[in-house]
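Please examine the sequence and the model shown below.

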Amino acid sequence: MASSRTESRTLCFSLLPCLLLFALFAPASSSARTLPSDSGKVSLALYYESLCPYSANFIVNYLVKLFEDDLISIVDLKLSPWGNAKLRSNDTFSCQHGPSECLLNTVEACAIKIWPALNDHFPFIYCIESLVYEHKYPQWESCYEKLGLDSKPIAECYSSGLGKELELQYAAETSALQPPHQYVPWVVVDGLPIYEDYENFLTYVCNAYNGTAALKACSKLSLNTIQKASTKSTLSVGCNEGKMPALFGRIRSTLTSWMRQMNMAIWI
């Protein structure tokens, strides 16, 4: 009898991690979740704000890697420049890093609208965020000359109120996220946020991709990821208005990272 009770207790405890995994990784029921792409590509969404140093660092030093080894060919990338901005009365809004951030969020929203092709608007946003990263963002208008772009369409978008309308649309998209974003940059791969592991977003993209075009690049990436896995930081990793990420978000991030490492180890 004592042996039977011991086995039963052991089984009970062994089930707890499984129940926790099920609770954490069960898909969100809300239709507001960013859905996977129906184009055969991996859906990748970045929710950010222009003057957040973490956002700038991610765009300049990590997101740009999509364009190496042509990984962008398997990704449907969507940028959403709103972040932690807050709606006020009469459809006005304020931004976490002040009026300059509201300006640049709107400028980048206009760029996405006016130059809808990724190859057209991403270099402009990358240029601005590079200046943010270097603490030179007041020089953002120099990006027009650097890239040979006409500044007039952006100026008209901003002054006409179109830019404000675009920002309100991004506000609605961001507030509808399920689960809600906890900080920026907030990275979502095929409808699921990857929390604090966003610097390793390419690994999630490779795992989500069902084709073979980027297999070589993904195999190379897996080796680097496993070698760096033990250095993952548990400190604050984004602009979050002073609020620490929710406990379940941290647990989910840790479990996701561990499962990804195990999967990549088997892959190679």
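In which loop does Asp91 have its place? Asp91 sits in the loop between strand S3 (86-87) and strand S4 (93-94); helices (H or I, at least four residues) and strands (E, at least two) are DSSP runs, numbered from the N terminus. The model is a predicted one, in which local features need pLDDT of at least 70 and side-chain atom pairs count only at pLDDT 80 or more, while totals for chains, interfaces and linings use all residues. Residues are numbered from 1 along each chain as its sequence is written, and side-chain values use heavy atoms, with hydrogens and water left out.

Asp91 is not a glycine, yet its phi is positive, at about 60°. With a relative accessible area of 48%, Asp91 is partly exposed; buried means under 20% relative accessible area, exposed over 50%, and partly exposed in between (1.4 Å probe, protein chains only). His135 likewise has a positive phi of about 60° although it is not a glycine. His135 is found in the loop between helix H4 and helix H5 (142-147), and its relative accessible area of 71% makes it exposed.

The chain as a whole may now be considered. Its secondary structure comes to ten helices and six strands. Of its 268 residues, 43% count as buried. Contact means heavy atoms within 4.5 Å. Among the contacts in the chain with a separation of 6 or more, 74% are between residues 24 or more positions apart.

Against helix H4 (residues 118-133), H3 packs at an angle of about 165°, with the axes 9 Å apart. H3 is therefore roughly antiparallel to H4. Axes here are lines fitted to C-alpha atoms, for helices over the stretch in contact, and angles run from 0 to 180 degrees between N-to-C directions. Angles under 35 degrees count as roughly parallel, over 145 as roughly antiparallel, 65 to 115 as roughly perpendicular and the rest as oblique. From H3, the residues Leu104, Val107, Glu108, Ala111 and Ile112 meet His121, Phe124, Ile125, Ile128 and Glu129 of H4. By class, the contact of H3 with H4 holds seven nonpolar, one polar and two charged residues. Ala, Val, Leu, Ile, Met, Phe, Trp, Tyr, Cys and Pro count as nonpolar, Asp, Glu, Lys and Arg as charged, and the others, Gly among them, as polar.

On the H3 side the contact is made by Leu103, Thr106, Val107, Cys110, Ala111 and Ile114, and on the H6 side by Pro153, Ile154, Cys157 and Tyr158. This contact of H3 with H6 has nine nonpolar residues, one polar residue and no charged residues.

Aromatic rings form a further theme. The structure holds eleven aromatic pairs; rings of Phe, Tyr and Trp (its six-membered ring) pair if their centres lie within 6.5 Å, and planes under 30 degrees apart count as stacked, over 60 as edge-to-face and the rest as tilted. One of them is the edge-to-face pair of Phe58 and Phe201, with 5.3 Å centre to centre and 70° between the planes. This pair links distant parts of the chain, since Phe58 lies in helix H2 (residues 53-61) and Phe201 in helix H8 (residues 201-208), 143 residues apart. Both Phe58 and Phe201 are buried. The rings of Trp115 and Phe124 have their centres 5.5 Å apart and their planes at 75°, so this pair is edge-to-face. Trp115 is buried, with a relative accessible area of 14%, and Phe124 is buried, with a relative accessible area of 0%. Ring pairs also link Phe58, Tyr62, Tyr198 and Phe201 into a cluster.

Phe58 leads back to its helix. In H2, the buried residues are Ser55, Ala56, Phe58, Ile59 and Val60. These buried residues of H2 pack against strand S1 (42-48), H4, strand S5 (186-189) and H8.

Two prolines in loops complete the account. The peptide bond from Gln178 to Pro179 is cis, with omega near -5°, and Val184 and Pro185 are joined by a cis peptide bond with omega about 5°. Pro179 is found in the loop between helix H7 (162-175) and S5, and Pro185 is likewise in the loop between H7 and S5.
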